Amino acid sequence: MRRLFYILTVVALVLFAGCERRPLLDMCNTHYVRVYIDEALPNVTQGFYNENYVKPQYRQPDVLRLILADPETGEERAVRFLRDMGKDEKGTYYEGWIVADPGRYNLMVYNFDTETTVVNSHNSYFNAKATTNEIASHLRSRIPSRGANPDEKIVYDPDHLFAATCGEIDVPYVEEVDTLLSHEGEYFIAQSIVKSYYLQVQVKGMEYATSSVGLLSGMSGSAWVNGSGMDQNDNVTLYFELQPENGRAAGVVRSNEGAVKTPGETVTIYTTFSTFGKLPDVENQLEITFDFLTIYGEPHSETLNITPTFSTQEAIENQWLLLDHVIEIPEPPNKTGQGGLKPEVDEWGDVNVNIKI
């Protein structure tokens, strides 16, 4: 019995001495990644044409999606979501850790929380493409100039998509966490693959309109996330809404002093819209159609060729499209009554009816 106890004690001591304490989390092949986003967005966060006008809303991304892909096939080999956000003198950044076997990879990062911008084939470095959806059917039915043409692809303007790529980076074997950097030895920087333009036009008779919509043809409807540029074969028409100066609702046009403008006075309507880019074909005609719904129920549309406008100094340097044109909305055919969506009632009359109970 004593001999058995002695043997068990020796075995226990040998096992205890031979064991090596290891951490619960094995940090082998774990790599730290930090990505800054370039938030200098013309006409969205800076470079406004008029500081008194209503500015487009901007919201920082909530999360970035990071993938390491096979450089030959482009197929995803490791993925991670970067949710931890910080800020320093270089700007806003997102950070996290990704686990990957040693090897050579293509790296791609983009924000994963956009509303109108959708990324298709997101598991492929070469095929991942950002696009935007076609407008809802109820919006299309309200466009007098386009509602009857089902072949035209009319889409929402895209949200800004921040993307960073780095091809052929070496990921070594490490026993402790290291940092993945660009070829220049820097943290990665994600820039938007979407541009935002400011557009304005003059309108006479805006007091007779209840809404205004713009339709811009000759735009690209998608772009590759890996930085290869827009898809030149994806010809779409952008849909966006415009508003009168100082953000006032259509049909209630007032001057800066607050007084109602004189009927027929010229006002500015404007918007900021986003695009993956204008198609570069020299034969491509960039046309914009303004569709108005009047207070007397009749639509009013006007189409302009704005191809030369994209070549102006304001468009190239500031992405401002300032149209030198005045759109005239006709007066109501019957001035004694508003008609259309704003009918008038001259007076109320009493109606006496016997109700049986």
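Colleague: Is Glu-168 buried, partly exposed or exposed?

Modeller: Partly exposed, because its relative accessibility is 35%. Buried means under 20% relative accessible area, exposed over 50%, partly exposed in between (1.4 Å probe, protein chains only). This is a predicted model: local features need pLDDT of at least 70, side-chain atom pairs count only at pLDDT 80 or more, and totals for chains, interfaces and linings use all residues. Numbering runs from 1 along each chain as its sequence is written, and side-chain values use heavy atoms, with hydrogens and water left out.

Colleague: Where does Glu-168 sit?

Modeller: In strand E10, residues 162-171. Strands (E, at least two residues) and helices (H or I, at least four) are DSSP runs, numbered from the N terminus. Phi of Glu-168 is positive, near 55°. Most residues other than glycine have a negative phi.

Colleague: And what is phi at Asn-29?

Modeller: Near 60°, also a positive value. Asn-29 is in the loop between helix H1 (2-18) and strand E1 (30-37). Asn-29 counts as buried because its relative accessibility is 12%.

Colleague: Switching topic. Which residues lie nearest the centre of the largest pocket?

Modeller: Pro-56, Gln-57, Asp-157, Asp-159 and Thr-272, out of 36 lining residues. A pocket is an open set of points on a 1 Å grid where a 1.4 Å probe fits, with protein on both sides within 12 Å along at least five of seven lines; lining residues have an atom within 4 Å of a point.

Colleague: Which element gives the largest share of that lining?

Modeller: E19, with four residues.
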